[in-house]
Amino acid sequence: MPGRTAIARSTPVSAQTAVDTAWALFCRLHDAPSRDHADQLVHWLGEDPRHVRALDEALTLWALAGAVLVKPVLEEAQRCGPDLQ
């Protein structure tokens with residue numbers, strides 16, 4: 001049915017799928033910076049305002065994960081004092 005295909009294509013993707021896509025595009029740009037990867041991310045962001053929110057969610061998770069990894073190192077450094085080496 002031709003009408004059914006058109007409706008399926010116009011149905012927005014889930015928010016989780018958008019976050020997954022944002023994460024993949026961000027990681028690609030982060031791990032292998034290039035004009036092409038930046039253009040892909042910018043193009044995707046311009047397709048739907050919800051993509052900007054999805055990227056914000058992905059970057060928030062990235063930042064929180066980094067904080068979780070860094071916190072024990074900072075706490076250990078505070079306990080041991082400055083490194084004089």
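Trainee: Which residues do ring pairs link into a cluster?

Mentor: Ring pairs link W23, F26 and W62. Before the details, note that this is a predicted model, in which local features need pLDDT of at least 70, side-chain atom pairs count only at pLDDT 80 or more, and totals for chains, interfaces and linings use all residues. Residues are numbered from 1 along each chain as its sequence is written, and side-chain values use heavy atoms, with hydrogens and water left out.

Trainee: How many aromatic pairs does the structure hold?

Mentor: The structure holds two. Rings of Phe, Tyr and Trp (its six-membered ring) pair if their centres lie within 6.5 Å; planes under 30 degrees apart count as stacked, over 60 as edge-to-face and the rest as tilted.

Trainee: What is the geometry of the pair formed by W23 and F26?

Mentor: That pair is tilted, with 6.1 Å centre to centre and 45 degrees between the planes. Both residues lie in helix α2 (residues 15-31), three residues apart, about one turn of the helix. Helices are DSSP runs (H or I, at least four residues), numbered from the N terminus.

Trainee: And what about F26 and W62?

Mentor: F26 and W62 form an edge-to-face pair, 5.0 Å centre to centre with 65 degrees between the planes. Because F26 lies in helix α2 and W62 in helix α4, this pair ties together parts that are 36 residues apart in sequence.

Trainee: Is F26 buried or exposed?

Mentor: F26 is buried, as its relative accessible area is 13%. Buried means under 20% relative accessible area, exposed over 50%, and partly exposed in between (1.4 Å probe, protein chains only). W23 counts as partly exposed because its relative accessibility is 38%, and W62 is also partly exposed, at 41%.

Trainee: Turning to H30, where is it found?

Mentor: H30 is found in helix α2. At 45% relative accessibility, H30 counts as partly exposed.

Trainee: Which side chain does a polar contact join to that of H30?

Mentor: The side chain of D31, at 3.1 Å. A polar contact is a pair of N or O atoms within 3.5 Å; within protein, one must be able to donate a hydrogen and the other to accept it, and residues adjacent in sequence count only if both atoms are side-chain atoms.

Trainee: One last topic: is L69 buried or exposed?

Mentor: L69 counts as exposed because its relative accessibility is 65%. L69 lies in helix α4 (residues 49-80).

Methods. Helices (H or I, at least four residues) and strands (E, at least two) are DSSP runs, numbered from the N terminus.
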